[in-house]
Amino acid sequence: MRSLTNDSRYSDELAKATSYGEKTAAEHPWANTAGEIAGGVAGTIPLVMAAPAAFGAGAGGLAVRTGASLLSGAALGGADSAVRSGGNVDAIRDGTLIGGGLGAAGPVAGKLVGKVVSAVRGGAPGEGVLREAVEGLSEAELASAQHIIDQGRQLPGGGVGVTLDEALNRATEGRAVRASQLARVVANSGGEGGRLMNEFYAARPASIDNVARSAFDAIGPQNPAPSGLGLDLQSAARAGVAQTPEGMALAQARAAVGPRVTDDAAGRVIQPEMRGVVDAREAARKAQADIDYAAARNAPENAGIERAVQVERPGEPIVTQPAFSRPQFEAGAPRPAEAFERPSAIGDDPNGVSLARFIAQNGGLRLDGDAAATDLHRFMVPGIGKVARPDGKGLDNFWRERLIEEGYFRPDADGGMARDISSELLRKLQNEQRGVPSYPLDSAGRPKGRAASGQAADEYANARSLAESRFDEDLARVEVDPKGIHPDIRERVVGALMRGEETDPLAAYERTVGAMKGPLDPYVKSTTITETIPDIRFGQVNPQPALDAIAEQSRFAKGDVRGALGNTRKDLYEPGGAQLDMSVEGNLKARERLDHRIETAVRDGDASQVRDLQISRGALDAQLKQVPEVATADANFAANSRPLEPFAPNTPLGRVVQQDPLTGRMATPTEQVPTHIQGASAAREFLANATPTARQAYEGRVATKILDGASDARGNIDPDKLSVLLRDQADVLEQMPDVYHRVEAVVRARDGLARVEASPLGRIADRPDVDAAVRAVFAPNPKPGSHHEVAQAMTALVKNRPTAARDLARIYLESTFNEATQQSKGLAAQYGGAGFASAVRGNAQQRHNLEAVLRALPEGDTLVKGMDNLLMTLETTGYRPNKGSDTAFNQAIQVQLKSGKTQLGQAVADVATGAAAGAGVGGLSGAAGGAVLGLKRGVGDAMLQARMMGNGEAIARMLTDPKALPDLRALARSPVGSKNAEAFTRRLLTLSNGGAAPTREVSVAQR
């Protein structure tokens, strides 16, 4: 530099410097030697740093270090003197002695200086702050903090870093306040310490997410379809409820009731069984009746009927004295009836004889029964005679088959001739009497009819016959014998009636008689007298009282009632209707037919007909019972019929066993059989007559119906509904005490199941809802002691659906974790892990419940331990100190921003400011003094700032490096200023790689 400055040669300047050094060394030999040694020692500083133990700077004892330093100092001093003196022995000896002495004094002097500095500073750098941070903490608490840190870093998923202050507070339950304050100051004071702390905290959310997802994966894989989990949980819970003692008691009670019996199943048992009962009872009754009524049919003929027999004899003739041989009439008298004139020469169809003419030609209809109730006895066919006559032929024994054969009536559907044609015959005869004749049918089913002239002749004949009949009837009503009327007078009266000149036959007669001229010649008419003589007829029974009862009821009977009474009356006559049937056989059959008519009327709801027929039936029955054999048979039949009374028609049991007598097919379908046996009275009659098999089927159906009425679609029984049904069916169940007791046992067992339904397991079984299942097991504020119920619920779920149980636990924990750690304004939640831990086990009961859930899962103990480690670590992160107020830090930053200077610039400014102030007071000397004071202040502030930044970085590394806590524990046990304190403080402050933070990894579930 001097050669460049003075513009001279380098060799000249080097010579001048060497000469100056030799001159100075000669003038001051001891100072020169010491300087050379000091220079040599200073040059060995890199060697000392490379091998501190060789130069007495190691960690050994003072004697060891002094010896090592003496040897190394003597060696270096002698070597240096040898080089400098060019190998002078005296210089080498002196350098060796001086180097050895200084080397031996170095460790001793260093220890003394260190003690002085420690006394002044309070120990090694940072030792006071560190001691204050752990002041009052026991060795056990420090060991617990060490365990917490190690445990957090060993969590599956990459671990979670925990600062020393957080671990201390977790171990002491928040008493390490000074450590938290220290961490907060370091984190907020900037510099390298603040950067390390903030980077450590920034990496934590990712670490927490990684270890949490790993813990959730240990419970079970993530369910890809969580919405359907509710059904699996409900199914498993229902199975679990059924496996509880209460559930098994209910199942046993339901099994004791018996298998479920449907309507059809019960009907298929009850109907044939009850039909068998009826058949057996009817067979017994018939067997007895066959014997009894056989004896009755052979009863002696002890009943006699007094009857009257009519005989005829000639009577006195009737003589009419006329004035002339024939009556003479005035001009205004009615004309005689005109003779019929055929309109053409066409003849009648020989096969077209009308019904009335055919009957009149072939002997007429007997005037009895319904025929006697009509006016057919007045119906006369001209040239042939009356249609109905007392001596005519019977309908049943002659005319029914004859008229059907001749084509006047259609045969039966099966081609037979057994149907009753009486009503149809009387109607057709009355129509023909009114002028509308009926003709037989040809092979094509068309009336054969007659030719036009024949029809007109018939109409004329019918009109004449009707007029004559009316005239004769009216004469008889006024007690005038028609036979005594002169033919001429009759002819004129009939003519007036046929022409319509008069409508009243008597008026026409009076008009004709009034128009006569003079008296007529006598007219004589012979007469016949009919006399009745008494007679007695004997038989087995006298049905006359029944006939009298029928006659009495027929007086005012109308419509079909009258016809039914008439048919009953005919049944009491022998075939042909000539005389009464006095046999037991005939009257029993008449009674059977009468009973059939009564049953039909009852079925049709015809009360009037039932009343009139029952009166007639009572009269007939009374006459039959006058025969002792019939009375005995009827009594036995009635006694044997009483067991069959419950099976009468239109009764519950009667509808059950009703059967078609022709096909044998049951009228009631089997599935409808139980519906007919409802109510207490029907059940009482059924149980009194049922076989054991039928009773068992009925009891099973009653029990099934009660249980079905109290069950939902899935078969779950409502105890309240079941109790109501038991009460409503009390009358029926009173007759079946065994059924009642079995169903009542179901009620008691179902009531016992209510406790299980109120438990978490029952609430899960109640509905297929995942959220409801979560609330049932993981209640936000669980009741004390609820972990026992939670354990039972989870055990049941694991037993029946282990995968669903795992999914339930994972969904709850992962959902709660997601909610606790969700970002706020795009920033990760620094306290999310602690919030999650607080949410899942914020109190002792939540802790017990969570442990019960996890312990019930497969490998539960392992899961409990892993989850406890995770939650303990997450709870530890909650002790991160809050940032607090930024006022003090903001003020320091504002001061620095206002100055806009670095530390060196601030020191120069302080020197200038001090010099200026001193010059203003003391001139040049004052300026020098002020400059010295300004320099002292600037240097002091810079040293303070540097010392703070250095201590902050060291403390940050100490708080975040897991290796620091063992030395801190040793430092806490070492006295202030001791060699151990110095060593552990030095180790703590020289840690260089403790602040590394993990990077965020993707969880297994997310991968």
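At what angle do helix H14 (residues 263-297) and H24 pack? In this predicted model, in which local features need pLDDT of at least 70, side-chain atom pairs count only at pLDDT 80 or more, and totals for chains, interfaces and linings use all residues, the two helices pack at about 125 degrees, with their axes 8 Å apart. Residues are numbered from 1 along each chain as its sequence is written, and side-chain values use heavy atoms, with hydrogens and water left out. Axes are lines fitted to C-alpha atoms, for helices over the stretch in contact, and angles run from 0 to 180 degrees between N-to-C directions. Angles under 35 degrees count as roughly parallel, over 145 as roughly antiparallel, 65 to 115 as roughly perpendicular and the rest as oblique, and H14 is therefore oblique to H24. On the H14 side the contact (heavy atoms within 4.5 Å) involves Tyr293, Ala296 and Arg297, and on the H24 side Val584, Glu585, Leu588 and Arg591. Sorted by class, this contact has 4 nonpolar, no polar and 3 charged residues, where Ala, Val, Leu, Ile, Met, Phe, Trp, Tyr, Cys and Pro count as nonpolar, Asp, Glu, Lys and Arg as charged, and the others, Gly among them, as polar.

The protein chain as a whole contains 43 helices and 8 strands, these being DSSP runs numbered from the N terminus (helices H or I, at least four residues; strands E, at least two). Of its 1007 residues, 39% are buried, a term that means under 20% relative accessible area, whereas exposed means over 50% and partly exposed in between (1.4 Å probe, protein chains only). The accessible surface of the chain comes to about 53900 Å², and carbon and sulfur atoms hold 55% of that surface; such areas come from the Shrake-Rupley method with a 1.4 Å probe, and for residues only the protein chains shown count as cover. Among contacts between residues at least 6 apart in sequence, 74% join residues at least 24 apart.

Helix H24 (residues 584-604) also meets helix H25 (residues 607-624), the axes of the two coming within 10 Å and crossing at roughly 160 degrees. This angle makes H24 roughly antiparallel to H25. The contact draws on Asn587, Leu588, Ala590, Arg591, Leu594, Asp595, Arg597, Ile598, Ala601 and Val602 in H24, and on Gln609, Val610, Leu613, Gln614, Ser616, Arg617, Leu620, Asp621 and Leu624 in H25. By class, the residues of this contact divide into 10 nonpolar, 4 polar and 5 charged. Helix H25 also holds aspartate 612, which counts as buried because its relative accessibility is 5%. When neighbours within four places in sequence are left aside, aspartate 612 is in contact with Gln553, Val561 and Leu565.

A further helix pair is formed by H28 (residues 680-689) and H29 (residues 692-709), whose axes come within 8 Å and cross at roughly 150 degrees. H28 and H29 are therefore roughly antiparallel to each other. Ala683, Phe686 and Leu687 in H28 meet Ala694, Arg695 and Tyr698 in H29, a contact that by class has 5 nonpolar, no polar and 1 charged residues.

Glutamine 540 lies in the loop between strand E8 (523-539) and helix H22 (544-554), and with a relative accessible area of 12% this residue is buried. Its C-alpha is 8.6 Å from that of arginine 297, although the two residues are 243 residues apart in sequence. With residues up to four places away in sequence not counted, glutamine 540 touches, among others, Ala296, Arg297, Val584 and Glu585. Glutamate 306, by contrast, is exposed, with a relative accessible area of 72%, and is placed in strand E1 (residues 303-320). Glutamate 306 and aspartate 535 are 229 residues apart in sequence, but 5.6 Å separates them in space, C-alpha to C-alpha; not counting residues up to four places away in sequence, glutamate 306 touches Asp535 and Ile536.
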